[in-house]
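Here are my notes on the model you asked me to look over. Please read them with the sequence and the structure open beside you.

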Protein chains: 2
Amino acid sequence: MAIYTRRSIAELERFFRTNLINSVTGFKSVALIGTVSEAGQENLAIFSQIIHVGANPPLLGILFRPDKVERHTLENVRSTQTFTVNHIRPGFVKQAHHTAARWEVSEFAACNLAPEYKDEFPSPFVGEALVKMGLKFVEEQQLINETILVVGEVQQLYVPEDCLGDDGFVDLENAQSVTCSGLDSYHTTQKIVRLSYAKPDQPLKEIN
Amino acid sequence: MAIYTRRSIAELERFFRTNLINSVTGFKSVALIGTVSEAGQENLAIFSQIIHVGANPPLLGILFRPDKVERHTLENVRSTQTFTVNHIRPGFVKQAHHTAARWEVSEFAACNLAPEYKDEFPSPFVGEALVKMGLKFVEEQQLINETILVVGEVQQLYVPEDCLGDDGFVDLENAQSVTCSGLDSYHTTQKIVRLSYAKPDQPLKEIN
């Protein structure tokens with residue numbers, strides 16, 4: 001077993017530490033965030049710091065780094081108050097990863113992904129994505145390390161019919177949504193089990 | 001394609017909406033959080049709202065619901081200022097899920113998981129977990145829907161040697177860490193690809 005302490009982590013080589021700490025959060029949600037500037041310049045960026053905040057109202061949180069990389073997205077979210085979140089499928093994982101580069105042009109064009117405007121929502125969706133949503137900015141909070149948590153409310157939501165269960169559960173495997181680990185590793189998934197609501201002293205049932 | 005709007009989401013049956021909105025965040029980090037009360041009562045609870053906050057200092061965020069279910073964990077974090085985060089493996093997914101029930105006794109005993117104390121860290125780890133860390137409370141912030149984001153700093157970190165790459169990347173597949181989707185579905189993963197740092201106009205390379 002490799003053992004690290006707060007002190008030994010601080011003394012690690014920078015890239016080693018970044019990979020290590022980004023890995024140990026576990027498998028992460030990963031999605032492409034689509035925005036447009038007030039001047040009409042489209043932007044697309046990959047994010048893996050995405051968190052469910054609440055179902056009613058339907059809220060989602062995204063953590064932005066304080067540095068330059070994602071600044072366009074954050075600026076656009078602040079100025080237009082809207083953004084889209086688009087799940088990534090294996091067929092465009094490389095294109096999605098490449099949006100992280102510092103392109104001077106739109107990442108849609110640079111990475112060969114199709115901007116899609118739907119139902120009058122002002123921010124661009126990713127045409128290639130199956131599960132996608134349009135969100136309205138609700139609040140932002142700065143955390144201790146100057147990262148910024150943006151909370152958005154789902155305004156529009158698109159899910160393939162054949163991935164949607166009678167109970168509202170979305171079969172993300174069937175929708176081909178990928179997960180990521182660390183900074184740069186992408187994965188498909190295989191279901192182990194879906195389990196019933198947990199109650200004390202009652203055995204769990206498998207949900208099919 | 002199933003299409004929902006802010007309005008139609010608000011009108012959904014409650015459990016359908018909860019499943020739907022919990023699903024569309026994508027695959028999530030999931031882990032067992034171990035704490036102990038000031039009186040010495042151990043607690044273990046499953047969380048899937050976990051987010052990487054930063055690598056230097058090594059920070060991780062966990063979102064707590066405002067309701068009763070996770071209150072013991074949050075109370076213990078506030079009073080003892082420490083907690084552990086333990087990755088879940090397929091062999092104890094059912095036990096991990098069952099910690100979500102409202103047990104009157106310690107979830108370690110109720111769900112047959114072994115509390116483990118290591119290197120003088122005050123909160124209990126999960127003996128069955130391979131990837132695990134001990135964290136110190138750093139800050140908490142309340143979000144708009146009264147959920148509470150707790151940020152913790154990694155004090156101790158344990159990773160199996162054979163899952164740790166030369167560059168600090170942890171092979172979570174090899175470590176058997178699972179991911180979850182929605183409220184109740186657990187998944188193993190299969191690597192698609194690991195990709196090099198993204199630069200404009202340079203093709204991405206696969207990292208082995």
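The points below go from the basis of the model to the interface and then to two individual residues.

1. Basis. This is a predicted model, in which local features need pLDDT of at least 70 and side-chain atom pairs count only at pLDDT 80 or more, whereas totals for chains, interfaces and linings use all residues. Residues are numbered from 1 along each chain as its sequence is written, chains are lettered from A and ligands numbered from 1 in the order in which they are written, and side-chain values use heavy atoms, with hydrogens and water left out.

2. Extent of the interface. In the model, 103 residues of chain A are in contact with 102 residues of chain B (contact means heavy atoms within 4.5 Å). The two chains bury about 9,100 Å² between them, 64% of it on carbon and sulfur atoms; buried area here is the accessible area (1.4 Å probe) that two parts lose on being put together, summed over both.

3. A:Glu153 forms a salt bridge with B:Arg6, with the closest N and O atoms 3.1 Å apart. On the side of chain A that touches chain B, the residues divide into 51 nonpolar, 34 polar and 18 charged (Ala, Val, Leu, Ile, Met, Phe, Trp, Tyr, Cys and Pro count as nonpolar, Asp, Glu, Lys and Arg as charged, and the others, Gly among them, as polar).

4. Strand 1 (residues 2-5) of chain A and strand 10 (residues 148-159) of chain B run antiparallel and are joined by 4 bridges; two strands pair if DSSP finds at least two bridges between them, and strands (E, at least two residues) and helices (H or I, at least four) are DSSP runs numbered from the N terminus. A:Thr5 has B:Gln156 as its bridge partner in strand 10 of chain B.

5. B:Ser23. This residue is found in helix 2 (residues 14-23) of chain B and is buried, with a relative accessible area of 0% (buried means under 20%, exposed over 50%, partly exposed in between, with a 1.4 Å probe and protein chains only). Not counting residues up to four places away in sequence, B:Ser23 touches A:Gly168, A:Phe169, A:Val170, A:Leu172 and B:Gly182.

6. B:Thr73. Placed in helix 3 (residues 71-80) of chain B, B:Thr73 counts as buried at 1% relative accessibility. Among the residues that B:Thr73 touches, not counting those up to four places away in sequence, are B:Ile33, B:Asn43 and B:Phe64.

Key
A salt bridge is a side-chain nitrogen of Lys or Arg within 4 Å of a carboxyl oxygen of Asp or Glu.
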